[in-house]
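Please take the sequence and the model together, and follow the paragraphs below with both in view.

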Amino acid sequence: MSEPIIELRHVSKVYHKGSADIHPLDDLSLTIDRGDFVALMGPSGSGKTTLLNLLGGLDTPTAGEVLVCGQDLAGLSSRELARWRCDHVSYIFQAYNLLPVLTAYQNVELPLTLLPLSRRERREHVVQALEIVGLAERMYHRPDELSGGQEQRVAIARALACDPELLLADEPTGDLDAHSAQEIMALLIALNRDYGKTIIVVTHDPKVARAAHRELHLEKGVLARDVDLRHEPT
Amino acid sequence: MAIPFVYSLRSIAVRKGSSAMAVGGIALVVVVFVTLLSLAAGFRKVVESSGSAQNVIVVRKGADAELQSQVRRDTARTIAELPIVAAVEGRKAVVFESVLIVARPKQGGGETNVTVRGAPPNARDVHGEVRLTQGRWYTPGSNEAVLGLGLARRLRDVGLGQTMTIGRNTWHIVGLFEAGGSALESELWMDGDLLQSAFRRDDVYQSVLFRAAGSAPDAVRQLTALIDTDPRLRSVQAMTEKEYYQKQARLMAELITILGGILTTIMSIGAIVGATNTMYAAVSQRKREIGCLLAMGFTPEAVWMAFMLESLLLAALGAALGCGLSLLFNGMKTGMTNWATFSETAFEFLVTPQILAIAVVLSLLMGFVGGVLPAFHAAWMKVVDALRRA
């Protein structure tokens, strides 16, 4: 029996824009199991990024309950949320969001400075994370000295450094050429398969979605389709 | 946990243009501030170093400077006979001095007021710090004068061997003197009796200066008690010579410091606006970096600290640059009119460690005030808004 890592119960999100109310998520309930690889798909404005932000504790729901890694995020202050994120969740962004003034090593080390680790322990984690993404030899290069694919691999190493249970990726291949995109997807598949990371990827790309175990299709803030790809013929 | 220092440091280096503007603005304020304060400090040092701790000066009641003073000959003689006046080599160490000011052209154009002191031959019994450096002393009863070194540097066409016309008389400059860097070095000295007759000042001097037999403050107390009781002395007041010069220095130094304060305040506001602008631009350019740091688990306080540190680093760089530039002025010779005596006083810019320390604190304050709002803006940004692509 799989253990759920994410539980959403009747979650709604409402934004007020001028006099109009926008409902990016409308009474959404779903469960995601630990170790799953989920592709979150849907047209623009369907609520994918809003859902990802709620799962990462970057945003709060207007109604409903969000339980991630056994924690109800609604009751946490911004400081507690920051601490919780540091312990459980990592993000991978479409635009990599590396700090341009820091080297690959320093970028990967950054989240580790939040943990009670010695310098030596931090170094071990950084080197290990960069080895997993195949960039150990470029650790002293700055982002502007790396290709887009390499930057995204450094961003994945940064996401891995704290050994989070959950990886949230918002269109991680959106800015990459086909070859680099393929490399990044192979890396994400390996992280899920070999290291047991739960991965949720927001994507528009069906090829990316095919790498996942499960495809959640959102439309106008509701779950339009939930497909178990492990049992689908490819 | 704090965001590593290297992030703030390198972020400054990356934005060279806007960082240089903010640093330059703060450095400019520091230069103006340090220059003005070193001007006041240099002036204060010269005037305060003037006078001997053993001397007592007597001037007219209410006079802050010799120029405003008149002491009648009989009053002066009464004072000279008092037992509080010390004796040197068998004669009383007391001088009756006449002072007037004349306008002379100065180096670099314009005119300045020069203090002319008529001193008796025994003047150096009381003015112990005065030493001849070139030439010789004036001969009593002759149209000769000696010039202070500070004044010799500031005046045009006046020097050893040259002449100077004052009133209807022409005076030959036969010597140059120094006076331990004190205000006396900005004076022209000549025979007192001759000056008195040339300017028809018979019977009136500007001051009586004497060496106290005991301590100078004691002599002042005794003389003040006498002044209160002896009708011959009721028109005068006594103070130590040190106190006399300190009062003069305070007036002028306070004036420069107040003017400097006003100017620095106005310029500081400009520099703070510049620093705020630079930091707002930094925050706006790095919105996604901030969002990423917050998403990673850094607290808003850590983000606030990182941007404050950046602003304070800019200010520290401005302080270093400003202090460095200001030090170039240190020891530079200058002069200005002492408003207490209405005459030229030569001195050097004096950049002291205290002035530099105040300038550094002022700069950091500018950095703090300039950075505080942009840093708040960065730290309390909504993460989802910060991460949104433009």
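How many residues does the contact take from chain B, and how many from chain A? The model is a predicted one, in which local features need pLDDT of at least 70 and side-chain atom pairs count only at pLDDT 80 or more, while totals for chains, interfaces and linings use all residues. Residues are numbered from 1 along each chain as its sequence is written, and chains are lettered from A and ligands numbered from 1 in the order in which they are written.

The contact draws 19 residues from chain B and 21 residues from chain A, two residues being in contact if their C-beta atoms, placed from the backbone, lie within 7 Å. On the side of chain B that touches chain A, at least two residues each come from α1 (5–14), α9 (287–296) and α12 (383–387) of chain B; helices (H or I, at least four residues) and strands (E, at least two) are DSSP runs, numbered from the N terminus. That side of chain B comprises 12 nonpolar, 3 polar and 4 charged residues, where Ala, Val, Leu, Ile, Met, Phe, Trp, Tyr, Cys and Pro count as nonpolar, Asp, Glu, Lys and Arg as charged, and the others, Gly among them, as polar.

Chain A itself has 7 helices and 10 strands. In chain A, 6 strands form an open sheet of mixed pairing, in the order β6-β7-β8-β3-β9-β10, with two strands taken to pair if DSSP finds at least two bridges between them. Its edge strands, each pairing on one side only, are β6 (89–92) and β10 (222–228) of chain A. Strand β9 (residues 214–219) of chain A runs antiparallel to β10(A) and is joined to β10(A) by 6 bridges, and A:L218 stands opposite A:L223 in β10(A). Helix α1 (residues 48–55) of chain A packs on this sheet, touching β3 (37–41), β7 (166–170), β8 (198–202) and β9 of chain A. Helix α6 (residues 178–195) of chain A also packs on the sheet, where β3, β7 and β8 of chain A are touched.

A further open sheet of chain A has 4 strands in the order β2-β1-β4-β5, with antiparallel pairing; β2 (20–33) and β5 (71–72) of chain A are its edge strands. Between strand β1 (residues 4–17) of chain A and β2(A) there are 9 bridges, and the bridge partner of A:Y15 in β2(A) is A:I22.

Methods. Axes fitted to C-alpha atoms, helices over the stretch in contact; angles between N-to-C directions.
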